[in-house]
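Please look over the sequence and the structure first, and then read the notes by topic.

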Amino acid sequence: MRAAIAVSMHAFDDLDPLRVEQRLQVLGLRVKERSRSRRAAAILANMHTVLFEEERFAGNLERYYNALNSYLPAVLNTRRGVPVLLSLIYKLVGESAGLKVEGINAPGHFLVRVLCDDAWMIVDPFFAGQVLTRDEAFDRLDRIARRPLPRQDELLATATHARWLARILGNLRQLFATEGRRDDLMAMTELAAALSDFERKKIETSSITDTVTW
């Protein structure tokens, strides 16, 4: 969340990160207040009511290729965004309300899975929280890719935090490159390099720790 906010600060000089966090917390509290039983199914139903019926979060089909769709504060304001940002909001609100939510790093279209009654459900926040079966998720990916994809679990792999951020930065880099916005492209490329360097150092540190005999 905070890294996504930091990416947004490239576009919004006066952004208050704490205010963004508070807005997400309020959404989570609204869900929790309605879910007195604390059952996952109740929390999930109430979250979908808050996010998709009351707040009307959905994909920005009319202006999909707009940088604002990739900035967390802007998506909170407009209730419109690209799949990876809407999935991030879904995860943040869901986990603050007590659910377990994972991002799905699917090709071409980011999704989430949520644990409900000991079973994982695939959800598409871009399309107003539609619940999909595994086959339906692959059918959607086929349509987006415009070709049949292999039904391999690797294509529905869980997104790490680094991979999630890389998708956000990748979207912005592609957009800025297409629009010829060189300064913005350089800024996102620098952030992507910093993320890659951070992950490399983390892996190196982990490898050194694993080889130490105590």
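How much space lies in the second largest pocket? The model is a predicted one, and in it the second largest pocket holds about 300 Å³ of space, while the largest pocket has a volume of about 600 Å³.

- Sorted by class, the lining of the second largest pocket consists of ten nonpolar, two polar and two charged residues.

**The largest pocket**

- The largest pocket, with its volume of about 600 Å³, is lined by 24 residues, of which Tyr64, Tyr65, Val82, Gly108 and Asn171 are the closest to its centre.
- At least two lining residues of the largest pocket are supplied by each of α5 (83-96), α6 (134-145) and α7 (161-179), and α7 gives the most, with seven residues.
- In the lining of the largest pocket, twelve residues are nonpolar, ten are polar and two are charged.

**Strand β4 and its pairing with β3**

- Strand β4, which covers residues 111-116, is mostly covered, since five of its six residues are buried.
- Strand β3 (residues 101-104) runs antiparallel to β4, and the two are joined by four bridges; within this pairing, Glu102 has Arg113 of β4 as its bridge partner.
- The hairpin of β3 and β4 has six residues between the strands, and in this hairpin Gly108 takes a positive phi near 80°; Gly108 is also one of the residues closest to the centre of the largest pocket.

**Strand β4 and its pairing with β5**

- Strand β5 (residues 119-124) is likewise antiparallel to β4, and five bridges join these two strands.
- Across this pairing, Val114 stands opposite Met121, which belongs to β5.
- The hairpin formed by β4 and β5 has two residues between the strands, and Asp117, which lies in the turn, has a positive phi of about 55°.

Methods
Residues numbered from 1 in each chain as written. Predicted model: local features only at pLDDT ≥ 70, side-chain atom pairs only at ≥ 80, totals over all residues. Heavy atoms only, no water. Buried < 20%, exposed > 50% of the residue type's maximum accessible area, 1.4 Å probe, protein only. Pairing = 2+ DSSP bridges. 1 Å grid on protein atoms, 1.4 Å probe; cavity = no way out; pocket = protein on both sides within 12 Å on 5 of 7 lines; lining within 4 Å. Points joined across faces, edges and corners; volume = space filled by probe spheres on them. Nonpolar A, V, L, I, M, F, W, Y, C, P; charged D, E, K, R; others polar.
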